[in-house]
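Hello,

Here is the structure I said I would pass on. My notes on it follow below.

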Amino acid sequence: MCGIGGFYNCTGGSTPMKALKSLWRGLEVRGVHASGFAVGWVECDSPIVVKRPGRVNPLMHKLGQFASNTNTQYVLLHTRYTTQGSVENNDNNHPVTAHGMVVTHNGVLWNDRQTLLDLAVDPVAEVDTEAINAGLRYRTPGWVLD
């Protein structure tokens, strides 16, 4: 299944770009169908999300461009092994940005369509992760876990 990694800056120090790039490359053992990342900065309204079908290498320069800022609060990395939804529809690639949430997960949700129906939400994409986004947006973390 997918590869997930990241960095959260607790100290205000510099972002360890060499380590982040190495980590992201290492995650490819978990999937090479698509890759993406989200970067959030201190006092930022919303993160930058960059994703595309394929391996991480074509996006490495963008990771460096957005994450090497000294204001970087967090970086979320993802490599995708496709189980549902075409990688050609970039809405299916991670991080999934739907319903006001930026989410990535590793695994398969078997009740994602029913969850979206229960929430009376029209799907944006074909990927099961969207059910997590919608649940967090319209219910609670506890409801999502249940």
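In which sense do strand E2 and strand E3 pair, and over how many bridges? Strand E2 (residues 34-41) and strand E3 (residues 48-53) pair in the antiparallel sense, over 6 bridges. Please keep in mind that this is a predicted model. Within the pairing, Ala38 has Val49 in E3 as its bridge partner. E2 and E3 form a hairpin, with 6 residues between them. In the turn, Glu43 has a positive phi of about 60°.

Two other residues have a positive phi without being glycines. One is His99, at about 60°, in the loop between E5 and strand E6 (101-103). The other is Ala120, at about 55°, in the loop between helix H3 (112-118) and helix H4 (129-138). Are these residues buried or exposed? His99 has a relative accessible area of 14%, which is under 20%, so His99 counts as buried. Ala120 has a relative accessible area of 72%, which is over 50%, so Ala120 counts as exposed.

There is also a cis peptide bond, which joins His94 and Pro95, with omega about 0°. Pro95 is in the loop between strand E4 (72-80) and strand E5 (96-98). For context, most residues other than glycine have a negative phi, and most peptide bonds are trans.

Finally, the structure holds 1 cavity of 30 Å³ or more. The largest cavity has about 60 Å³ of space. Its lining includes Met1, Cys2, Arg80, Asp128 and His94. The lining residues divide into 4 nonpolar, 6 polar and 2 charged.

Regards

Key. Residues are numbered from 1 along each chain as its sequence is written. This is a predicted model: local features need pLDDT of at least 70, side-chain atom pairs count only at pLDDT 80 or more; totals for chains, interfaces and linings use all residues. Side-chain values use heavy atoms; hydrogens and water are left out. Two strands pair if DSSP finds at least two bridges between them. Helices (H or I, at least four residues) and strands (E, at least two) are DSSP runs, numbered from the N terminus. On a 1 Å grid over the protein atoms alone, a cavity is a set of points where a 1.4 Å probe fits but cannot get out, and a pocket is an open set with protein on both sides within 12 Å along at least five of seven lines; lining residues have an atom within 4 Å of a point. Grid points are joined across faces, edges and corners, and a volume is the space filled by probe spheres set on the points. Ala, Val, Leu, Ile, Met, Phe, Trp, Tyr, Cys and Pro count as nonpolar, Asp, Glu, Lys and Arg as charged, and the others, Gly among them, as polar. Buried means under 20% relative accessible area, exposed over 50%, partly exposed in between (1.4 Å probe, protein chains only).
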